[in-house]
Amino acid sequence: MDDGRRTLEPGELAARDRTCVWHPYTQHRTEATPLEVVGARGSLLRLADGREIVDGISSWWTCLHGHGHPRLVEALAAQARELDHVIFAGATHEPGVRLAEQLTAIAPGPLTRVFFSDNGSSAVEIALKMAFQHHLQRGESERRVFVTLEGGYHGDTFGAMSVGDPDPFFEPFRPLLFDVRRVPADADAIEAALEDLGPRAAGVLMEPLVQGAGGMAMHGAELVRSARASATRHGVPLIADEVMTGFGRTGELFACAKAGVEPDLLCLAKGLTGGMMPLAVTLAREELFESFLSDTRARAFFHGHSFTGHALGCAVALASLEVVRDEGTPAKLERIGAAIEARLIDALPEEIERPRRTGGIVAFDLPVTSGASGYLSELGPLLRQVAIDRGVLLRPLGNVVYALPPASLSDDEVEGVVGALVASAESALGSSRRST
């Protein structure tokens, strides 16, 4: 049987893929042939045809330090020789305990408990369930409506979909989603919603500083601080979804810390393991944890995953935290983002809209003159190919073009990313002018 390790001819992998794989967020009738990636190191992806392209989006925002960081590779191998996995209900292990200790030590605020899961959607789902059951066990069963921001995205499981914005990702599932109160990213709107809901409010959920999949919408620290104040005033938890922004993406270790805010529940994933292993956590305040303590088992938190507290993932996450500390990852990402922004200022066409940056995340909008706007704009796939032709992997969110590179990006690779961003803008605007 072919173990997949022999040298692949260009085109072979894509042909095999076409017969058996269903890709995420992909319209298979119209999507371009997928990139045949056979290797990666640092900021570069190696393709079957011999090309190398810069990973300008950290492979869906996960590869914090770049691909194949040697300290993470060694941590993975060493842990695999010792313990790969064990059920985390009724058992524990050293890498899981040590990771929980370190996360509670560095997290913003008195977050004392760590619940492990597999991915960002699950981390959010867990936070919602914790908040709701916390209210329930205090006799506040009417607290079931969460306040969330318009344009939010928190994952693809049903609870996470409910608190996200149905348009465009979740429209088919709208009849199955529970009710939430969506408001603009505005302090007064959050306060008004909580005031109106009164004892029905269950919590406030937000992506602090940067709303990712909703179009890299960026808001100031004051909004996060106001949301914290409103949640406190109305006696409900503030849930911070830092699945994307955590571990330095905003130029600080956590977006909440950059805003000077302590959440009640904190959701982390993606960069937690530097992109090497699937792992997520939900951190909670002690008060929330204690509301589940009882002599009655029925009051326990009945949630789990087969790979909860996966020992390999925990070991890699510990190594990643060491790299974050030793290599100054947040400051690195801040410098990279600033370098991209500085080069873009004079290079982008004047028609581009809302150029913006937070930490290592740089984005701008392209005007939409016809067809669908937002994520469903046909610009997205076209601009992705323009960037690939320039040797950079980008994945525009419709007419929103952004870069979110790893901390390994070199000065030369910065220039390559800037060139791809500019080429994408010029290509889109050129097509617009020709169509008119």
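Predicted model: local features only at pLDDT ≥ 70, side-chain atom pairs only at ≥ 80, totals over all residues.
I started at lysine 270, which sits in the loop between strand 11 (265-268) and strand 12 (280-285). Helices (H or I, at least four residues) and strands (E, at least two) are DSSP runs, numbered from the N terminus. Residues are numbered from 1 along each chain as its sequence is written, and side-chain values use heavy atoms, with hydrogens and water left out.

**Lys270**

I checked the record: an unreviewed UniProt entry carries the annotation "modified residue: N6-(pyridoxal phosphate)lysine" on Lys270. UniProt positions are in the numbering used here, feature names are shortened, and annotations may be inferred rather than shown by experiment. The classes are buried under 20% relative accessible area, exposed over 50%, partly exposed in between (1.4 Å probe, protein chains only). Which residues does lysine 270 touch, leaving aside neighbours within four places in sequence? I listed Trp60, Trp61, Thr62, Val243, Met244, Gly275 and Leu279, with contact meaning heavy atoms within 4.5 Å.

**Thr358**

Next I looked up threonine 358, in strand 13 (residues 353-358). Threonine 358 has a relative accessible area of 13%, so it goes in as buried. Apart from neighbours within four places in sequence, threonine 358 contacts Val210, Met218, Arg249, Thr250 and Lys258.

**Helix 11 and its partners**

I took helix 3 (residues 70-82) against helix 11 (residues 311-327): their axes come within 8 Å and cross at roughly 150 degrees. That makes helix 3 roughly antiparallel to helix 11. For the label, under 35 degrees is roughly parallel, over 145 roughly antiparallel, 65 to 115 roughly perpendicular and the rest oblique. Axes are lines fitted to C-alpha atoms, for helices over the stretch in contact, and angles run from 0 to 180 degrees between N-to-C directions.

From helix 3, Arg71, Leu72, Ala75, Leu76, Gln79 and Ala80 take part; helix 11 brings Ala311, Leu312, Ala315, Val316, Ala319, Ser320, Glu322, Val323 and Asp326. I sorted the residues of this contact into 10 nonpolar, two polar and three charged. Here Ala, Val, Leu, Ile, Met, Phe, Trp, Tyr, Cys and Pro count as nonpolar, Asp, Glu, Lys and Arg as charged, and the others, Gly among them, as polar.

Helix 11 also packs with helix 12 (residues 329-347), at about 65 degrees and with the axes 6 Å apart. I found Val323, Val324 and Glu327 of helix 11 meeting Thr329, Pro330 and Lys332 of helix 12. By class, that contact has three nonpolar, one polar and two charged residues.

Most residues other than glycine have a negative phi, and most peptide bonds are trans. I noted a cis peptide bond between aspartate 167 and proline 168, with omega about 5 degrees. Proline 168 is in the loop between helix 6 (158-163) and strand 6 (180-183).

Leucine 209 is not a glycine, yet its phi is positive, about 75 degrees. I placed leucine 209 in the loop between strand 7 (201-206) and strand 8 (210-211), and at 5% relative accessibility it counts as buried. Phenylalanine 247 also has a positive phi, about 70 degrees, without being a glycine. Phenylalanine 247 is buried too, with a relative accessible area of 1%.
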